[in-house]
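The following note sets out several points on the packing of this chain. Please read them alongside the sequence and the model.

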Amino acid sequence: DGTVVETLDEMTYEEVARRLVALLFEIGDDWVDITMRNLTGRWFKRIEERFAGKANSSMVPDFSVLNSPKPFMQTFFSTFTSAKKQTLSAEDVDHFVALCAAPAQKPVPFIPRLDERFN
């Protein structure tokens, strides 16, 4: 939406998820790379862990649910409405940065955190 964010902890869980899809899902209706879809799926699983309580089944049983991410996000955030307002915890900021830097992960086309690890 053009909003400039200084740090991840200023963003809500939904904002981070939507930003991931905006940056990693091409206009041609496909992911830039399959690892980007899987990264986004891991982030949705983390959100689900935070807000699901004692849910019986996962909304993200596998990453193929993200083959069409926009309809999925509508359903997901209508289920986990708290994720629309809650900003990321410090633990989840670290988790997100670790997801982006995982060894098997293709590099993301953004800087998740500008710190001593950035070079």
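1. In this note, buried means under 20% relative accessible area, exposed over 50%, and partly exposed in between, with a 1.4 Å probe and protein chains only. By that criterion Phe25 is buried, because its relative accessible area is 11%. The model is predicted: local features need pLDDT of at least 70, side-chain atom pairs count only at pLDDT 80 or more, and totals for chains, interfaces and linings use all residues. Residues are numbered from 1 along each chain as its sequence is written, and side-chain values use heavy atoms, without hydrogens and water.

2. Phe25 lies in strand β1 (residues 25-26); strands (E, at least two residues) and helices (H or I, at least four) are DSSP runs numbered from the N terminus. Leaving aside residues up to four places away in sequence, Phe25 touches Leu20, Asp30, Trp31, Asn67 and Pro69, contact being heavy atoms within 4.5 Å. The C-alpha atoms of Phe25 and Ser68 are 9.4 Å apart, although 43 residues separate the two along the chain.

3. The largest nonpolar core comprises 31 residues. Such a core is a set of buried Ala, Val, Leu, Ile, Met, Phe, Trp, Tyr and Cys residues joined through side-chain atoms within 4.5 Å. At least two of its residues come from each of α1 (13-24), α2 (34-51), α3 (69-79) and α4 (90-100). Its largest share, 6 residues, is supplied by α1. Leu8, Trp43, Phe44, Ile47, Phe76 and Phe77 have the most contacts inside the core.

4. How do α1 and α2 run relative to each other? Their axes come within 10 Å and cross at roughly 170°; axes are lines fitted to C-alpha atoms, for helices over the stretch in contact, and angles run from 0 to 180 degrees between N-to-C directions. The two helices are therefore roughly antiparallel, a term for angles over 145 degrees. Among the residues that meet are Leu20 and Leu24 in α1 and Trp43 and Phe44 in α2.

5. The axes of α1 and α3 come within 11 Å and cross at roughly 175°, so this pair is also roughly antiparallel. Tyr13, Glu14, Ala17, Arg18 and Val21 in α1 meet Pro69, Met73, Gln74 and Phe77 in α3.

6. Within α3, Pro69, Phe72, Met73, Phe76 and Phe77 are buried. These residues lie on the same side of α3, because they cover an arc of only 115° around the axis, taken from the directions from the helix axis to the C-beta atoms. Exposed Pro71 and Gln74 are on the face turned away from the buried side. The cover over the buried residues of α3 includes α1, β1, β2 (30-31) and α2.

Methods:
Parallel < 35°, antiparallel > 145°, perpendicular 65-115°, else oblique.
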